[in-house]
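Please keep the sequence and the model side by side while reading.

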Amino acid sequence: MYLIYLFRRDLRISDNPIFHHLQKHPQFCHILPLYILPPNQIEVSGFLQDPSLESPYPQARSRLGKLRRCGPHRAKFLAESIWDLKESLKHRGSDLIVRVGRMEDVVGQILKQKEFQGKVGAVWMTKDWASEEVDEELRIERAVKEEGDGKIEWKVWDGEEMLLNDNDFPTSDPAQVPDVFTSFRKSFEPLRDNIRVSYCSNRSQLPPVPPNVPTQAAPFSISTSLEDFISSLQKPVQDCGLGPPILKPQGASTAHPFIGGETSAHERILHLLVSGNLSTYKDTRNGLLGEDFSTKLSAYLALGCVTARQINAYMVAFEDGKDLPDFGIRLNTEVNLSNAKGFGNGENKGTAAVRFELLWRDYMRLCMRKFGDGLFSIEGFRERSQSRGPEDVQYRKNKPNSDTSYHWSNLSSPETRYAFDRFIRGETGTGLIDASMRELALTGYTSNRTRQNCASFLAKWLGIDWRLGAEWYECMLIDHDVANNWGNWAYVAGVGNNPRGRDASGGAEGRKFNPVKQAWDYDHNGEYVKAWIAEFEGVPSGNDLGDGKQGWRDVLFQGWKVDDIFRHTKDKRERELREKLKRLEWVNRPLGKIRYQPKDQVQGKKGSDAKRGGTQRTRD
């Protein structure tokens, strides 16, 4: 009998519940591993046999902003991840068949094929709790039952990609997941002792792909090389609506140069262990420049190239000073941990912080499972919560009967469209925001620290619907994950699972970052801002900000101050820079003049960050 295995966000062989089961119970003579590119989420017109033809599917665009759902950066990473899985399966005597179309249609066409009739014993896939994927599963199930006449087993497996497993919870009812993360976290402490062991794979061969697999249906054709596959995915989404190309400063380099796939994911983990960067993670995680200030594992987790519990298994072995687990991955990395910082010294604050972040990812997925479509509504999780803890007593007491606090504007307003276009281009006039949005557009990555600031800026300083920001991140981020992207945008906007997300009156102002203060705190010498804003070439930063040049730091963070600070300068170079910057629209007309004066510049004054419009301490 044949098994059809439908891949989605489980692009790996190791720690894979389906392959683990098949190793223990070899019941199929042939397995058809199948990855289907969904046209509602990924633009597939690049696979048309004839480019002059029109695709039978509408463009893959978002609901509110009509933005691309998968931009060029994530398209490349996805292609690499698919191809890596394909090569790994080939190494084990199998293959990955890639097709374009709606999953239920492709599965139905295969089951109708004469060569497959009466031979398919099962169709399996792993669970995904995003609403589109849940609906997709129901449609596939109907197709399997109709074409198989009830004789084909249909099974949706727990993907087991999270740190925790359903069986680890006191209840299987997702509605019982606490509405506040702290309550959830405390129920699993000490976390290191409550994580299941991952599956260690053997290197056994897999059953071959069935003969006579149906070819890709017209009008599409599937690329036969990785280079062509990447091109087919990227070509139709090169224009994401940014307008003229964003200038890339000389010397700017991406913080996420990594390629996709299970192999690269494990090599990245080994690098983090050998270099000691996991041990120092808590101290460096708020960095803005470089490859190793954070783990950069989120893109691999989002596509299921690696599981959270595999990362934990590596860390446990590292902490215990033992041999690393063997997941059967063909790696090119030599590992010598004897001199690695933290090796054999037990859990440290860095590895504990990584576990904390992995648990936060789990929590966002569980919230998506609990609230369903509430994830995509303007009121977010907040208004759909069935129960509230003691943290929300004040919120309930002060919440008006008719909530009018959601006064976010949308793109029906020309003013909002103008502001949103400048926001995504990084032309707001606020240095930290502009640097982050340009880094995102040019590389597909920006740090967690700047993501929080940009989300707060759009929702709370500009008053624009936070979901437009989530849609833009979905388009641009290499590491986009439905639950974590949308859940974190709702969290910062004040409508997520966040007891401090709203102010005492019930409005959504409780978590409002001051991006100028944040720049002073996390980019004190302006190196990050200057690295990504080409127009600041020639502006001093870093070690050049000596006596007499401190004013340029203000300009890097608040470009509109240039005229005030250097209006009467006698320095010829400063006058030239001033005139150059004054010609820029975002200097002359910033979207907002956010003020902040560092404490060391305030004589005899005291005040909290919150009083200056800043932010309280946040979870990372």
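A residue is called buried here when its relative accessible area is under 20%. By that criterion, 58% of the 620 residues in the protein are buried in this model, which is a predicted one.

**Overall make-up**

- The protein contains 23 helices and five strands.
- Counting contacts in the protein between residues at least 6 apart in sequence, 78% join residues at least 24 apart.

**The largest cavity**

- Five cavities of 30 Å³ or more are found when the whole structure is searched, and the largest cavity has a volume of about 730 Å³.
- This largest cavity is lined by 35 residues, of which Ser 298, Glu 357, Arg 361, Asn 448 and Arg 451 are the closest to its centre.
- Helices α9 (298-302), α11 (349-371), α15 (448-461) and α17 (482-493) each supply at least two residues of the lining of the largest cavity, and α17 gives the most, with six residues.
- By class, the lining of the largest cavity comprises 15 nonpolar, eleven polar and nine charged residues.

**The largest pocket**

- The largest pocket has a volume of about 710 Å³, and of the 37 residues that line this pocket, Arg 9, Gln 41, Arg 69, Glu 132 and Glu 474 are the closest to its centre.
- At least two residues of the lining of the largest pocket come from each of β2 (30-37), α2 (72-91), α4 (131-148), α9, α16 (466-476) and α17, with the largest share, five residues, coming from α4.
- The lining of the largest pocket has 18 nonpolar, five polar and 14 charged residues.
- Helices α9 and α17 are each named for the lining of the largest cavity and also for the lining of the largest pocket.

**Helix α18**

- Helix α18 (residues 515-522) is mostly covered, with six of its eight residues buried, namely Pro 515, Val 516, Lys 517, Gln 518, Ala 519 and Trp 520.
- The cover over the buried residues of α18 includes α14 (431-443), α15 and α20 (550-557); of these, α15 also supplies at least two residues of the lining of the largest cavity.
- At the start of α18, the backbone nitrogen of Val 516 has a side-chain oxygen of Asn 514 within 2.9 Å, and Val 516 is itself one of the buried residues of the helix.

Methods. Residues are numbered from 1 along each chain as its sequence is written. This is a predicted model: local features need pLDDT of at least 70, side-chain atom pairs count only at pLDDT 80 or more; totals for chains, interfaces and linings use all residues. Side-chain values use heavy atoms; hydrogens and water are left out. On a 1 Å grid over the protein atoms alone, a cavity is a set of points where a 1.4 Å probe fits but cannot get out, and a pocket is an open set with protein on both sides within 12 Å along at least five of seven lines; lining residues have an atom within 4 Å of a point. Grid points are joined across faces, edges and corners, and a volume is the space filled by probe spheres set on the points. Helices (H or I, at least four residues) and strands (E, at least two) are DSSP runs, numbered from the N terminus. Ala, Val, Leu, Ile, Met, Phe, Trp, Tyr, Cys and Pro count as nonpolar, Asp, Glu, Lys and Arg as charged, and the others, Gly among them, as polar. Buried means under 20% relative accessible area, exposed over 50%, partly exposed in between (1.4 Å probe, protein chains only). Contact means heavy atoms within 4.5 Å. A polar contact is a pair of N or O atoms within 3.5 Å; within protein, one must be able to donate a hydrogen and the other to accept it, and residues adjacent in sequence count only if both atoms are side-chain atoms.
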